[in-house]
Amino acid sequence: MVWVASGIFSMFGAYCYAELGCMISKSGADYAYIMETFGPFLAFIRLWIECMIVRPCSQAIVALTFSVYVLKPFFPECQPPDESVRMLAVCCILVLTFINCYEVKWATMVQDYFTYAKLFALFLIILTGMYQLYLGHTEHFTFDDTKTDVTEIALSFYSGLFAYNGWNYLNFIIEELKDPVRNLPKAIAISCSLVTFVYVMANVAFFTTLSPVEILGSEAVAVTFANRLYGYMAWVIPMFVAMSTFGAVNGVLLTSSRLFYAGACEGQMPEILTMIQIKRLTPAPAVLTIALLSLLYLCVSDIFALINYVGFATWLSIGVAVLCLPVLRYTQPNLHRPLKVNLFFPIFYIICSVFVTVVPMIASPVETGESSVIYQKQTQFTSHSFLLRRLWSLNDSDQRTCVLGIHRLEEQAEMCEITHQ
C-alpha cells in the first residue's frame with residue numbers, strides 16, 4: 001500500500017511540476033520556480049541545500065546499495081562487513097568520478113547500458129512473480145501484524161518516496177526539451193505511470209515468495225528472492241541489480257555536477273565550479289566537488305538513516321516548490337499557463353509534504369533531528385554567504401549602512417536572548 005501511495009503522491013507532484021515547467025521554461029526546476037516566486041534568497045538556500053545535502057547523500061545511499069548487492073552473494077548467511085561495504089562504495093564513486101571527468105560520452109554510455117540492466121532485472125523479477133501467482137502462492141498477501149501507528153507510516157514513506165525520487169529531474173533540462181508544452185506533460189505521465197507499475201509489481205513478486213518478516217530482515221531483498229527460486233543461477237539477479245545501482249550512481253553524479261555548474265554560472269556558488277576541462281570539455285571541478293561530498297556522507301553506513309537524512313530535506317524543498325503554484329496563481333494571475341492544473345493537486349501535495357516531514361520527527365527523532373540541525377546550519381551559512389555577496393555589490397556608503405543595520409539586529413537578538421533567559 002505504501003508503494004502505491006508513494007507512486008500516486010509522486011504523480012501529483014509531477015503533475016504540479018508540469019504546469020510550473022510549462023509556465024516557467026527555465027532549466028533548474030524547483031530552483032528556478034522558487035527564484036521566480038520568492039526571490040533569490042530562498043532560491044539561494046534551496047540550491048545549497050540540494051547541492052550540499054540532497055544530491056551527495058543520495059549518491060552515497062545508492063553507492064552503499066551497490067556495495068551490498070555485490071558483496072551479499074559472498075556472505076549469504078550473514079551481513080557483509082561494514083568496512084568492506086563502505087570501501088567498495090568509495091571505489092564505485094571514484095571510478096565513476098574518473099569517467100565523468102574524462103569523457104562525457106563514456107558517462108552517457110554507462111547510463112544507457114546500465115539502465116538496460118535495471119529494466120532486465122526488474123522485468124525478470126516481475127515475470128517470476130507472475131508465475132508464482134499462477135501457481136497460487138498468495139499466502140503472504142495479508143495485513144497480519146500491520147503497524148497502524150501514524151508515525152511509523154509516515155516514516156515508511158521516506159523509503160518509498162526515495163525510490164520514486166527523480167520525477168522532477170526532467171524539469172532541470174526543460175530549455176533543451178523540444179516542444180516542452182507538449183512533451184513535458186506526456187513524458188511525466190508515461191514515466192510516472194510506468195515506474196509506479198514496475199515498482200508495485202516487483203514488490204508483489206517479492207511477496208509471492210518471501211514473508212514480510214523476511215523482507216524486512218533482508219539487506220538485499222532481490223538476492224534473497226533469487227536464492228530462494230533460481231538455484232545455481234541466483235547470481236544473475238544481484239549482478240544485474242548491482243549494475244543498475246552502478247548506473248544510478250553515475251546518473252546522480254552526472255546531473256548533480258550539472259546543477260553545481262548551473263548554480264555557479266548564476267553567481268550563487270563558487271566561481272571555480274564554472275570551469276570546464278579544456279581538452280575534455282567536462283565540468284571537472286563540479287564533478288570532483290559532488291564526489292568529495294558523497295565520500296564524506298559514507299562515514300554513515302546505515303542506508304535507512306541516510307534516507308531519513310535526505311528525505312527530510314528533499315520533501316521539504318519540493319513542498320516549497322509546489323507551493324509556488326498557488327502563490328503564482330494569486331500574485332501573477334495573468335502569467336501565460338499552457339497547462340493549468342486543478343488547485344486540489346498542489347494543496348493536497350503540500351499537506352502530504354507537511355505530513356511526511358513533520359510526523360517522522362516523532363518516529364525517528366535522531367535522524368530527522370540531525371537532518372534538521374544540518375539543514376539549519378546550512379541555511380545559516382547560505383544566508384551569511386548571500387548577504388555577503390549582496391553587500392559586496394553595493395557602494396561604500398550603502399555598505400556602511402547595511403553593516404550598521406546588521407549590527408543593530410544582532411544586538412537586539414542578544415538582548416532578546418538575555419531577557420528570555
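Predicted model: local features only at pLDDT ≥ 70, side-chain atom pairs only at ≥ 80, totals over all residues.
Biologist: How much of the chain is buried?

Modeller: Of the 421 residues in the chain, 45% are buried.

Biologist: And the contacts? What share joins residues at least 24 apart in sequence?

Modeller: Take the contacts between residues at least 6 apart in sequence. Of these, 79% join residues at least 24 apart.

Biologist: Now two helices. How are two packed helices described?

Modeller: By two values: the angle between their axes and the distance between the axes. Here is a case. Helix 2 covers residues 30–38 and helix 3 covers residues 40–71. Their axes lie 7 Å apart, at an angle of about 160 degrees.

Biologist: Is that roughly parallel or roughly antiparallel?

Modeller: An angle over 145 degrees counts as roughly antiparallel. Helix 2 and helix 3 are therefore roughly antiparallel to each other. The crossing of helix 2 with helix 3 is right-handed.

Biologist: Which residues make the contact?

Modeller: Helix 2 brings Asp-30, Tyr-31, Ile-34, Met-35 and Phe-38. Helix 3 brings Pro-40, Leu-42, Ala-43, Arg-46 and Leu-47.

Biologist: How does that contact split by class?

Modeller: The contact of helix 2 with helix 3 has eight nonpolar residues and two charged ones. It has no polar residues.

Biologist: On to the rings. How many aromatic pairs are there?

Modeller: Rings pair if their centres lie within 6.5 Å. The count comes to 20 aromatic pairs. One of them joins Phe-225 and Tyr-230. Their centres are 6.3 Å apart, with 85 degrees between the planes. Planes over 60 degrees apart count as edge-to-face, so the pair of Phe-225 and Tyr-230 is edge-to-face.

Biologist: Are Phe-225 and Tyr-230 buried or exposed?

Modeller: Compare each relative accessible area with the cut-off: buried means under 20%. Phe-225 has 0% and is buried. Tyr-230 has 18%, so Tyr-230 is buried too.

Biologist: What about Phe-344 and Phe-345?

Modeller: They form another edge-to-face pair. The centres are 5.5 Å apart, and the planes stand at 70 degrees.

Biologist: Which aromatic cluster includes Phe-344 and Phe-345?

Modeller: One cluster is formed by Phe-12, Tyr-15, Phe-344, Phe-345 and Phe-348.

Notes:
Residues numbered from 1 in each chain as written. Heavy atoms only, no water. Phe/Tyr/Trp six-rings, centres within 6.5 Å; stacked < 30°, edge-to-face > 60°. Buried < 20%, exposed > 50% of the residue type's maximum accessible area, 1.4 Å probe, protein only. Axes fitted to C-alpha atoms, helices over the stretch in contact; angles between N-to-C directions. Helix = DSSP H or I, 4+ residues; strand = E, 2+ residues; numbered from the N terminus. Parallel < 35°, antiparallel > 145°, perpendicular 65-115°, else oblique. Left-handed = near helix turned anticlockwise from the far one by under 90°. Contact = heavy atoms within 4.5 Å. Nonpolar A, V, L, I, M, F, W, Y, C, P; charged D, E, K, R; others polar.
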